[in-house]
Amino acid sequence: MEERHIRIIELVSIHKKIEVSRLAELLHTSQVTVRKDLDILSDKGILKRERGYAMLNDEDDINYRMAFHYEIKRKIALSAAKLVQDGETVMIESGSACMLLAELLAYEKRGVTIITNSAYLASYVKDAPGVKVTLLGGDYQHRAQAMVGPLTKMCAQQFCVDKIFVGTDGFSETNGFTGDNLVRADTVRAMAESAHRTIVLADAEKFTRAGTVSFLKPSEVSVVITDTGIPGEVREYLSGAGVQVLTVE
């Protein structure tokens, strides 16, 4: 993705809705160029367009979450991609940073197989020639565009991989890594049981709030990849629990 696209995502995230003309001013480029950029970003589902405007998607939509802290999530994904070798099979769940990781693996690695519960992920990398995607079955969550529930858990149990990459909605020392949706959290927990190592991808803001449903204890996580904004006491707690904390700037 071009740096200008990333800047557009940042600006729309800040303003929620912004005129094409204003974007062109801030980016020091033409409105024609901005419209072309917005066509690309809207085709990917990251932003939504109205006549003369660019805006975020609905708050419950995964594309809405993708747009927030996009540059940080991209750097987290770049760090995570270094942990995956050509030809490896990994599990990736439906978090927004996980989507950017999947894109990197699909286009910059060779022969990687991704096992996922995310229909969004499968669509996101559909044009990449060098990746195989195995989509787990289950009940379809429309907003998250992900498969969840008993069937998804049963499908995940058929696999054994070295790594699974997951997101998190929050964290607390009392409850560990937490989610905001009971069914999704239960599904991710079951998927993690099929991997030797669980790697959490999350921007630092996620470590300043506690979600409502606990799904992973620190002892069940091998690595956390986040940014340097993670609170010092949280980093110290995770390190003391044996979790490797990697940060990006």
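This is a predicted model: local features need pLDDT of at least 70, side-chain atom pairs count only at pLDDT 80 or more; totals for chains, interfaces and linings use all residues.
**View 1. Helix α1 meets helix α2.**
Here we have α1, covering residues 3-15, and α2, covering residues 20-27. Their axes come within 11 Å and cross at roughly 125°, which makes α1 oblique to α2. The crossing of α1 past α2 is right-handed. On the α1 side, look for R4, R7, I8 and L11; on the α2 side, the residues they meet are L23, L26 and L27. Sorted by class, the residues of this contact come out as five nonpolar and two charged, with no polar ones.

**View 2. Helix α1 again, this time with helix α5.**
The partner in this view is α5, residues 70-81. The axes of α1 and α5 come within 9 Å, and they cross at roughly 130°. That angle makes α1 oblique to α5.

**View 3**
Follow the strands across and you get the order β1-β3-β2, with antiparallel pairing. The edge positions go to β1 (17-19) and β2 (48-50). Each of these two has a single partner strand, so one side of each is left without a neighbour in the sheet. From one strand to the next, the twist averages 25°. Between β1 and β3 (residues 53-55) there are three bridges, and the two strands run antiparallel. To find your way along that pair, pick out K17, which stands opposite M55 in β3. Helix α1 packs on this sheet and touches both β1 and β3; its direction makes about 120° with that of β1. Helix α2 lies across β1 and β3 too, running at about 80° to β1.

**View 4. Strand β9 and its parallel partners.**
How many of the six residues of β9 are buried? Five are, so this strand (residues 161-166) is largely enclosed by the rest of the structure. One parallel partner is β4, residues 89-92, joined to β9 by two bridges. In that pairing, I92 stands opposite F165 of β9. Another is β12, residues 195-201, which pairs with β9 in the parallel sense over five bridges. As a landmark there, take K163, whose bridge partner in β12 is R197.

**View 5. Zooming in on K163.**
This lysine lies in strand β9. Is K163 buried or exposed? Its relative accessible area is 5%, so K163 is buried. Setting aside its neighbours within four places in sequence, K163 is in contact with L83, E88, V90, M91, A195, R197 and I199. Of these, R197 is also its bridge partner in β12. M91 is worth a look as well: K163 and M91 are 72 residues apart along the chain, yet their C-alpha atoms are separated by 6.4 Å.

Technical notes
Residues are numbered from 1 along each chain as its sequence is written. Side-chain values use heavy atoms; hydrogens and water are left out. Axes are lines fitted to C-alpha atoms, for helices over the stretch in contact, and angles run from 0 to 180 degrees between N-to-C directions. Helices (H or I, at least four residues) and strands (E, at least two) are DSSP runs, numbered from the N terminus. Angles under 35 degrees count as roughly parallel, over 145 as roughly antiparallel, 65 to 115 as roughly perpendicular and the rest as oblique. A crossing is left-handed if the near helix is turned anticlockwise from the far one by less than a right angle, and right-handed if clockwise. Contact means heavy atoms within 4.5 Å. Ala, Val, Leu, Ile, Met, Phe, Trp, Tyr, Cys and Pro count as nonpolar, Asp, Glu, Lys and Arg as charged, and the others, Gly among them, as polar. Buried means under 20% relative accessible area, exposed over 50%, partly exposed in between (1.4 Å probe, protein chains only). Two strands pair if DSSP finds at least two bridges between them.
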